[in-house]
Amino acid sequence: MRVRNIGILAHVDAGKTTLTERILFSTGATYKRGEVHDGTTVTDFDPQERERGITIFAAAVSCDWAGHRLNLIDTPGHVDFADEVERSLRVLDGAVAVFDAVAGVQPQSESVWRQADRYAVPRIAFVNKLDRAGADFAAAVASIRDRLEATPLVVQVPIGHIGVVDLVGMRRLTWPDGVLHEEPADDPATRQARRELEEQVAERHAGALEELGAMSDDTLRAALRELTRAGDAVVVLCGSAYRNVGVEPLLDAVVDYLPAPAGRPDASLAALVFKRAGRLAYVRVYDGVIAKGDTVWDAGAGRAERVARVLRVQADRHEDIDRAVAGDIVAVAGLKQARAGTTLSARDHPVLLEAAVTAPPLVSVAVEARTRADAQRLLPALTALVDEDPSLAVRTDSETGQILLSGLGELHLEVTVTRLQQATGLRVTVGRPQVALREAVVRGVTGVLYRHVKQDGGPGQFAHVTLDVQPVEGTGFSFASTVTGGRVPGEYVRAVEAGCRDALVAGPLAGHPVVGLAVTLTDGATHPKDSSEVAFRAAGRFGLRAALAGCELSVLEPVAEVTVAAPAEALGAVLGDLSARRGQVTGSTGRAVTAVVPLAELFGYATQLRSRTHGRGTFTTRPAGYRRAA
């Protein structure tokens with residue numbers, strides 16, 4: 001059976017999960033329509049998801065449509081769970097981006113779109129909620145073009161909220177009773193819209209240009225397919241998932257326009273673990289076959305793992321299968337050490353696949369057990385959660401002895417602590433959230449010589465390094481060597497870089513990670529017997545620490561772009577509050593304000609906003625990097 005691996009992407013509350021439920025119902029995978037507000041959805045099966053009414057964990061489901069198996073991943077829309085989206089996009093071949101017909105492109109819509117850009121995932125767009133008061137399809141399409149810098153190709157136009165006109169098949173599709181009704185569409189308005197679509201396609205596709213004026217449906221469909229898969233345009237459809245309007249033609253578009261997996265079942269195994277949940281590892285198979293009882297090779301760690309079971313996934317339900325082939329997304333039981341980002345291959349043909357980018361934690365809380373008995377279990381339990389979610393981190397503060405849990409936001413940490421208590425029965429106390437600060441180089445130094453020489457009776461250590469440190473834009477780190485004449489061999493240069501990276505963990509101002517610098521190794525010296533990689537790594541670490549002590553540094557704090565929507569009469573109070581929170585306003589309209597605000601100032605903001613707007617204000621955020629702390 002032919003396969004499509006797709007994700008459902010959107011801003012929170014745009015209707016991703018409702019759309020997924022309608023897809024499962026329309027394809028016969030379920031026999032009852034699940035509802036988010038009733039807590040009866042297939043993909044939002046976790047108790048916290050049903051209680052909060054939002055998607056927290058990416059959930060995989062499968063269904064069949066038009067001779068194709070569709071593997072769908074319903075992804076979170078909240079910014080705190082962006083890492084779930086990132087890891088899902090890494091293994092997908094295509095995506096459906098869902099937009100609210102009233103709001104158009106929203107902040108998190110833009111964020112997930114950029115994430116999909118990073119992995120070159122082809123997309124089609126679905127403008128949802130046409131049944132909402134204030135729905136404006138044309139404005140939503142314009143926001144896709146303007147805010148996402150994409151080329152939207154509208155292949156459907158709405159008929160109110162009861163149906164759509166399909167401009168490719170020239171059909172009028174309506175769902176007056178929740179069931180698809182179809183009839184030809186050949187009125188002047190439809191013919192004009194079709195001509196405009198053909199002209200837009202012909203501008204971008206040579207084959208379509210040759211048939212301009214007499215373009216067949218097959219040519220138009222083929223051109224749309226090629227433009228979508230190349231990332232040159234985005235096919236736009238519309239409907240109302242809640243009312244089941246537009247779901248079947250969206251499924252047809254998934255099959256017609258989004259790509260199939262490119263792997264080969266007869267090749268050597270290459271598979272990527274993209275998610276860990278308890279004893280199960282979720283795996284995308286790119287090449288070859290993975291079967292029950294196989295021994296697979298983790299090339300990154302240099303160890304073998306045994307596959308106990310292979311499972312077809314339907315959210316929280318699993319079905320045993322004998323094997324998975326190239327293109328499949330499955331769960332595997334029995335992998336004891338594999339984590340998100342692990343590549344599985346054959347031992348005689350080891351490969352390493354690129355893992356998803358993991359965002360650094362932004363917020364930390366202290367977690368303390370309430371009883372002495374629980375204290376012994378706390379750190380191992382938190383470590384197990386970190387193994388499942390790479391965007392979490394846990395460490396023990398060297399000064400206070402407190403256990404610090406770090407994540408992408410308040411909600412992320414709140415959900416994690418609730419999971420901890422529900423899964424283990426531990427009773428814990430959680431401290432106030434603290435942001436993850438950074439130290440950045442403002443003014444550098446040159447020619448810092450560090451001599452690492454140790455003699456303690458055994459083999460000695462000898463390494464001399466000379467380092468330049470200069471600031472760079474942003475929060476990156478780069479390393480280079482200008483040493484000539486073989487004064488520092490290549491393997492020792494790499495050891496110096498590793499040592500420098502070690503030194504970045506804690507800066508001289510307050511022990512925060514150091515960012516925004518370029519280090520250059522300009523000179524060095526070795527000893528014929530006592531020089532080693534260990535010695536040069538130590539020289540790099542201590543040498544950079546010495547250099548940083550002579551630099552001018554500043555503390556950076558994380559900031560977020562905040563978009564606040566409120567009644568016009570409340571915007572003055574909103575602006576004043578944002579200013580008091582050290583926010584810098586970047587834009588405003590009659591009902592919305594956008595500002596860049598220090599993340600530390602947004603703790604508890606939801607409650608304050610409701611108070612200032614009498615419950616009528618809402619806000620969304622997305623990370624906006626770091627800036628110098630006031």
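**A chat about cavities, pockets and contacts**

Analyst: Leu9, Ala10, Ala97, Val98, Phe99, Ser109, Val112, Trp113 and Arg123 line the largest cavity; a cavity is a set of points on a 1 Å grid over the protein atoms alone where a 1.4 Å probe fits but cannot get out, and lining residues have an atom within 4 Å of a point. This is a predicted model, where local features need pLDDT of at least 70 and side-chain atom pairs count only at pLDDT 80 or more, while totals for chains, interfaces and linings use all residues. Residues are numbered from 1 along each chain as its sequence is written, and side-chain values use heavy atoms, with hydrogens and water left out.

User: What volume does the largest cavity have?

Analyst: The largest cavity has a volume of about 40 Å³, a volume being the space filled by probe spheres set on grid points that are joined across faces, edges and corners. Strand E1 (2-10), strand E4 (94-100) and helix H4 (107-118) each give two or more residues to its lining, with helices (H or I, at least four residues) and strands (E, at least two) taken as DSSP runs numbered from the N terminus.

User: And how much space lies in the second largest pocket?

Analyst: About 690 Å³ lies in the second largest pocket, where a pocket is an open set with protein on both sides within 12 Å along at least five of seven lines. Its lining has 25 residues, and Ser364, Arg395, Asp397, Leu404 and His512 lie nearest the centre.

User: Switching topic, at what angle do H8 and H9 pack?

Analyst: Helix H8 (residues 217-229) and helix H9 (residues 247-257) pack at about 75 degrees with axes 9 Å apart, the axes being lines fitted to C-alpha atoms over the stretch in contact and angles running from 0 to 180 degrees between N-to-C directions. That makes H8 roughly perpendicular to H9, a label for 65 to 115 degrees.

User: Which residues in H8 and H9 meet?

Analyst: Arg221, Leu224, Arg225, Thr228 and Arg229 in H8 meet Val255, Asp256 and Tyr257 in H9, with contact meaning heavy atoms within 4.5 Å.

User: How many aromatic pairs are there?

Analyst: The count comes to five aromatic pairs, where rings of Phe, Tyr and Trp (its six-membered ring) pair if their centres lie within 6.5 Å. Tyr492 and Phe536 form a stacked pair, 4.8 Å centre to centre with 15 degrees between the planes, stacked meaning planes under 30 degrees apart.

Note on methods. Parallel < 35°, antiparallel > 145°, perpendicular 65-115°, else oblique. Phe/Tyr/Trp six-rings, centres within 6.5 Å; stacked < 30°, edge-to-face > 60°.
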